[in-house]
Amino acid sequence: MLDALLLSVRQLGDKPILSVFVKSMLLTLAIFAAIGTALWFGVDALVRHYFAASETTADIASTVALLVGALGTWLLFRVIAVAVIGVFADEVVHAVEAKHYPDRFAAARDLSFARALGMGVKSAGRALLVNLVLAPLYIVLLITGVGTALAFFLVNSWLLGRDLGDMVAVRHLPAADLARWRSATRFSRFTLGAAGTALFFVPFVNFVAPVLGAAMATHLFHRRTVP
């Protein structure tokens, strides 16, 4: 895992990787901006027209909603960022394979934009759904002071490991073999997910965590003998 991380870090300066980083960050910021704009104008219209509030009250309500939304999007950064990188993951995998695994690169299948987008949306939906279902458990653990952060970390390590692993595997394995591959790589994918999740907790590093995760997943896939 450490070797995969170091190789991925060294390749961050490569033009294709930098291109993906810039595009993914711009799209992520655009999503955040769209959420903020919708909250501001939505709450403003609600307070003004349905509660007949003054302009000052509407502005205060919109500001509060924007601050709450900012906190929410920060908490959801991992979900949004991984969904976005899923759209561009093929370019990261291409760059890593072309440099380190040219034979595998030549034999890989390109993903259509529609499939890449679909994987990104499913990733976001799965992460949101699982964490919402487990939210009561997180709250109970928070109240009792026992392992809330650990539970959140373990759950999201599992989710992220699956998403990152699939980004690479779908380019090399037929759909019929994916389930068998997932079963045989549970531990290595969880380890990958744990490493990626840990990166999301590090300030500033979290911005490159999705790109590093996709690159690490590529190295781990090709360095393991697929049964």
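How many helices and how many strands does the secondary structure of the protein come to? Switch to the cartoon view and count: there are 11 helices and 0 strands. Keep in mind that this is a predicted model. Reading along the sequence, you get the pattern α-α-α-α-α-α-α-α-α-α-α. Now colour by burial: buried residues make up 41% of the 227 residues in the protein.

Leu-27 sits in helix 2, which covers residues 15–50. Look at the spacing of the numbers in your selection, then recall a general rule: an α-helix has 3.6 residues a turn, so residues three or four places apart point the same way. Is Leu-27 buried, partly exposed or exposed? Its relative accessibility is 33%, so Leu-27 counts as partly exposed.

**Stop two: a helix with a kink**

Next, select residues 77–100, which form helix 4. If this helix of 24 residues were straight, it would span 34 Å at 1.5 Å a residue, but helix 4 spans only 30 Å between its end C-alpha atoms. Where is the kink in helix 4 centred? Zoom in on Phe-88: the kink there is about 60°. Then show everything around the helix. Because 19 of its 24 residues are buried, helix 4 is largely enclosed by the rest of the structure.

**Stop three: rings in pairs**

Start with Phe-153 and Phe-201, a tilted pair at 6.5 Å centre to centre, with 45° between the planes. Phe-153 lies in helix 8 (residues 148–169) and Phe-201 in the loop between helix 10 (186–200) and helix 11 (205–223), so this pair ties together parts that are 48 residues apart in sequence. Phe-153 is partly exposed, with a relative accessible area of 23%, while Phe-201 counts as exposed at 54% relative accessibility.

For the other pair, select Trp-181 and Phe-221. Their ring centres are 5.8 Å apart and their planes are at 55°, so this pair is tilted. Distant parts of the chain are linked here too: Trp-181 is in helix 9 (residues 175–184) and Phe-221 is in helix 11, 40 residues apart.

Technical notes:
Residues are numbered from 1 along each chain as its sequence is written. This is a predicted model: local features need pLDDT of at least 70, side-chain atom pairs count only at pLDDT 80 or more; totals for chains, interfaces and linings use all residues. Side-chain values use heavy atoms; hydrogens and water are left out. Helices (H or I, at least four residues) and strands (E, at least two) are DSSP runs, numbered from the N terminus. Buried means under 20% relative accessible area, exposed over 50%, partly exposed in between (1.4 Å probe, protein chains only). Rings of Phe, Tyr and Trp (its six-membered ring) pair if their centres lie within 6.5 Å; planes under 30 degrees apart count as stacked, over 60 as edge-to-face and the rest as tilted. The expected span of a helix is 1.5 Å times one less than its number of residues. The bend at a residue is the angle between axes fitted to the seven residues ending there and the seven starting there.
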